[in-house]
Amino acid sequence: MELLEKLEILGTAAKFDVCAASSSNKRFQGASFGAVSPSGVCHSFTPDGRCISLFKVLMTNECEQDCGYCQNNCYRDIPRARFTPDELVQLFVQFYTRNYVEGLFLSSGIRASSNRTMEDMLQVVERLRIKHRFGGYIHLKILPGCEESMIEKAVALCNRVSVNIEVPSDRHMEKLSRKKDFQRDILGTIGKISKQLKHDRQVTQTTQYVVGAAGETDREIFDSVSQLYHTYNLKRAYYSAYQPIAHHSAVKRDNLLVRENRLYQMDFLMRQYQFRSDEFIFEKDGNLNYKVDPKMAYAVNNMHLFPIDLQRATEAQLLRTPGIGPASCRRILQIRKSVKLTDLKQLKHMGVVVKRAAPFILLNGKSFGRLEDLTKGERPLYEQLTIEQFMKETIHYDSIP
Ligand code: SF4
């Protein structure tokens, strides 16, 4: 098989691994410009905030596993291909020297065994680092159940390593695979990586959930990811809405993209807003509210804590107020030391989304809106803003204002 043909197959097959929030844009399937899904190149962010292009590819899409949510599982009748380590190194070096890419994101199906395939993947990384002296970004997927010595080597050579957890528990994994052992293959591998990372704090570990493939609730994902952050010191988790494939009927396909978005918002609140686990509001069915974002749901359910006086509110109170994100919170804390906050224009200049914040704040003892006001008018103001509305109503960008 020609190298380009392999690239077509293995670049396309790699698109289901998410390594940056931008990769989760699945709305505009036919797009020819700016689309991240077709194949080959995706983007990620370095610790210093730079956006870099990654060559995103599989070593092979041959796989002995039967994961029901995966395009590459052993039951699927699809074209299969495999790179040799030499081929992949040669391709990457060519792409890099032509400035097409700045880093590598290498994943793989499991051919023969996790150890056998990891050997090939590590050869690629080792040759890039040692023979070609490549010093750029490498994200390597660790194959479930591989030997600890391989994880040790991966940690020594890469910037980021990850194993996809996919589902919150054994019970959910059993619905999707008869071969994968959740405790041993997934949690065991995450644990081994975490152990290695204690010796090397510059390398980070991430994971990914596939959302909606196993009938799991948002609450179950929340409990699982909280434990990962707490126990294994993960850098972050990604959420990817399940995309139905032949041979596997989705349990429930409604709201999958909204769910994905809500889970990212929940995750931001955990990592960047210091929300405690008891502050998330789940519906009776165990899912987040899909009409309002988790921060608005928190505020509306805790109206006894609002309105807050912006001149005196603590950082924690500001971060729990709709319309105020970490950046605008920092600006309020800084500016109010020297300036009295008296009107909404000041807040707007600080990046606060004032329409969302109004019912929850006091300025100079004055209130600017009631919660009921949010539901007046043609559209409820507390619904999720579109990007256009969001850009119009804010000057600065915060993850969840
Ligand atoms: S092990 Fe990975 S590549 Fe293989 S079927 Fe499962 S998810 Fe797909």
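View A. C74 is partly exposed, at 28% relative accessibility; the class lies between buried, under 20% relative accessible area, and exposed, over 50%, computed with a 1.4 Å probe on protein chains only. The model is predicted, so local features need pLDDT of at least 70 and side-chain atom pairs count only at pLDDT 80 or more, while totals for chains, interfaces and linings use all residues. Residues are numbered from 1 along each chain as its sequence is written, and side-chain values use heavy atoms, with hydrogens and water left out. A disulfide is a covalent bond between the sulfur atoms of two cysteines. With a disulfide taken as a pair of cysteine sulfur atoms within 2.5 Å, the count is zero. C74 is in no disulfide, and the nearest cysteine sulfur, that of C63, is 7.0 Å away. Another cysteine, C329, is buried, with a relative accessible area of 1%.

**View B. The shell around the ligand.** Which residues surround the ligand? They are C63, Q65, C67, Y69, C70, N73, G109, I110 and K180, where a residue is near a molecule if one of its heavy atoms lies within 4 Å of it. By class, five residues of this shell are nonpolar, three are polar and one is charged. Ala, Val, Leu, Ile, Met, Phe, Trp, Tyr, Cys and Pro count as nonpolar, Asp, Glu, Lys and Arg as charged, and the others, Gly among them, as polar.

View C. Strand β3 covers residues 103-107, and five of its five residues are buried. Helices (H or I, at least four residues) and strands (E, at least two) are DSSP runs, numbered from the N terminus. On one side of β3 lie G103, F105 and S107, on the other L104 and L106, and all are buried. Strands count as paired if DSSP finds at least two bridges between them. Strand β2 (residues 51-58) runs parallel to β3 and is joined to it by five bridges; L58 has S107 of β3 as its bridge partner. From β2 the chain passes through helix α2 (residues 85-97) to β3 in a right-handed β-α-β crossover. Right-handed means that, with the strands pointing away from the viewer, the path from the first strand over the helix to the second runs clockwise. Strand β4 (residues 137-141) is also parallel to β3, with four bridges between them, and its Y137 stands opposite G103. A right-handed β-α-β unit is made by β3, helix α3 (residues 114-131) and β4.

View D. The structure holds 13 aromatic pairs; rings of Phe, Tyr and Trp (its six-membered ring) pair if their centres lie within 6.5 Å, and planes under 30 degrees apart count as stacked, over 60 as edge-to-face and the rest as tilted. One of the pairs is F92 and Y96, stacked at 6.0 Å centre to centre with 25° between the planes. Both residues lie in helix α2, four residues apart, about one turn of the helix. Is F92 buried or exposed? F92 is buried, with a relative accessible area of 2%, whereas Y96 is partly exposed at 37%. F92 and Y96 also belong to one aromatic cluster with F55, F95, Y100 and F134.

**View E. The pair F275 and Y298.** These two rings are edge-to-face, 5.3 Å centre to centre, with 70° between the planes. F275 lies in the loop between α8 (256-272) and α9 (294-301) and Y298 in helix α9, so the pair ties together parts that are 23 residues apart in sequence. F275 is buried, at 7% relative accessible area, and Y298 is buried at 5%.
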